[in-house]
Amino acid sequence: MTPPTPGAPASPPASGTVPSPYEPLALYGPDFAADPHGHYRRLRAQGPLGRVRIAPGVDALLVTDYQAAVDLLRDTDTFSKDPRAWQAGIPEDSPVLPVLGYRPTALFSDGAVHTRYREAVNDTLALLEPHLLRAYAAQAAQQFIATFSATGTGDLIAQYARLLPLRVFSACFGVAPRDSERLLHGVAGMMDSAANAAAAYADLVAVVAGLVAERRVRPGRDLTTYLLAHPAGLDDDEAVRQITLIISAGHDPTTNLIGNALLRMLSDTGYGGSLHGGAMTAREAIDEVLWRDPPLANMGAHYPRHDTEFHGVPLRAGQLVLVSFAAANTQSLPAVSDPAVRSGDGAHLAWSAGPHRCPAKQPALLMAMTAIEQITSQLCDLELAVDPSELIWRPGPFHRAPAHLPVRFTPLDTRP
């Protein structure tokens, strides 16, 4: 197949670009949220890549094979991260554009541009000293636990897991407390990819833009100020987009990781539905989640630079190809069945791979570990208030996250 003229944008794909007897499988409704692994099993029947629909009228190919996922994530010659050719054929009000639409960030760039943005992000995140980050997280955890510990019941998502990463990121970037709620709704709204996704993302950008404008005039001792002073010389919009990316890519997945790991501990048969007598540590629960239900289940958007064939599947230039980290991980489990081999994260893809591997892995792990250790040590007889089968999962093609995690426990006497 003949590549396009150098420098020319790739043509957006026509509907149904890949001849296939399969209809696209929807990944954005309650059916998928309730049983993602059933969907992945059906997609594997199509081969290493399956046809999916991630929003009304928006189709993609989803990589479900582990080796194909690794190959895609590392192949910068065949695939680009720039979505603009694909985006030209997508309705402007599509609910997936707040997640997949182009912005000048490390996530949507290649080559020297990616290197410039990535260095600014990496150097900024490197200032998150582990002992201080752990202290921030522990302090936030104790404050949130205190708000419901005397009641004997709680929702570990709404009252805890969703709030803790936001508090830590807000403190690190210097976000005013009055804007924290807007950040929360902005991040959650864009990731749910529902009708309000564009408005949620726009408000998130507005909050960060105000922060950047303020720090240009009045620098502080925070990550925003450092990013603005970085040798990369980011302009205001570039700085806003990197901060928005860090917060959105750091908050929602960390929230989901905390919630999924707590659910794993509370529903493990070794616990009998309670933390009493359980043997699973926080790190073991996190590792299990990263293997089986990673908080970012389907992402890693890539676009072929030219018409090509990948693992036996024909692709057209500019076509959206997503990676299912969840499906790839679980597809590899029979080959990596020894628990000793699976311990740790040396082989799973929850943090992605290649040049766009998640730069916030260590801060996310530290926050999640601290959050879980704090609540399980203070409310040591936590148990689920409902059967795990009754839990409702947040809909959306990109994440794996319980909407709520209701629990009960012995109330703590908080009187002085």
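I'll start with a cysteine. C380 is partly exposed, at a relative accessible area of 42%. C358 is also classed as partly exposed, with 26%. As for disulfides, a search of the whole structure finds 0. Keep in mind throughout that this is a predicted model.

One more cysteine comes up in helix α9, residues 164–173. Is that helix mostly covered or mostly open? Mostly covered: 8 of its 10 residues are buried. The buried set is L164, P165, L166, V168, F169, S170, C172 and F173. So C172 is buried, given that buried means under 20% relative accessible area. After α9 comes G174, and the phi of G174 is positive, near 80°.

That brings me to backbone angles. In general, most residues other than glycine have a negative phi. Two residues here are worth checking against that.

Where does H311 lie? In the loop between β7, 308–310, and β8, 313–315. H311 is partly exposed, with a relative accessible area of 35%.

Next is S352. Again this is not a glycine, and again phi is positive, about 70°. S352 is in the loop that runs between α16, 339–342, and α17, 361–378. Is S352 buried or exposed? It counts as buried, because its relative accessibility is 11% and the cut-off for buried is under 20%.

Now the helix pair. Two packed helices are described by the angle between their axes and the distance between the axes. For helix α11, residues 197–217, and helix α13, residues 236–267, the axes come within 9 Å and cross at roughly 125°. That angle makes α11 oblique to α13. The handedness of the α11 and α13 crossing is right-handed.

Which residues make the contact? On the α11 side they are Y201, L204, V205, V208, A209, V212 and R216. On the α13 side they are D236, A239, V240, R241, I243, T244 and S248. By type, the residues of this contact divide into 9 nonpolar, 2 polar and 3 charged. On the spacing of such positions, an α-helix has 3.6 residues a turn, so residues three or four places apart point the same way. In α11, Y201, L204, V205 and V208 are among the contact residues if you want to look at that on screen.

Technical notes
Residues are numbered from 1 along each chain as its sequence is written. This is a predicted model: local features need pLDDT of at least 70, side-chain atom pairs count only at pLDDT 80 or more; totals for chains, interfaces and linings use all residues. Side-chain values use heavy atoms; hydrogens and water are left out. Axes are lines fitted to C-alpha atoms, for helices over the stretch in contact, and angles run from 0 to 180 degrees between N-to-C directions. Helices (H or I, at least four residues) and strands (E, at least two) are DSSP runs, numbered from the N terminus. Angles under 35 degrees count as roughly parallel, over 145 as roughly antiparallel, 65 to 115 as roughly perpendicular and the rest as oblique. A crossing is left-handed if the near helix is turned anticlockwise from the far one by less than a right angle, and right-handed if clockwise. Contact means heavy atoms within 4.5 Å. Ala, Val, Leu, Ile, Met, Phe, Trp, Tyr, Cys and Pro count as nonpolar, Asp, Glu, Lys and Arg as charged, and the others, Gly among them, as polar. A disulfide is a pair of cysteine sulfur atoms within 2.5 Å. Buried means under 20% relative accessible area, exposed over 50%, partly exposed in between (1.4 Å probe, protein chains only).
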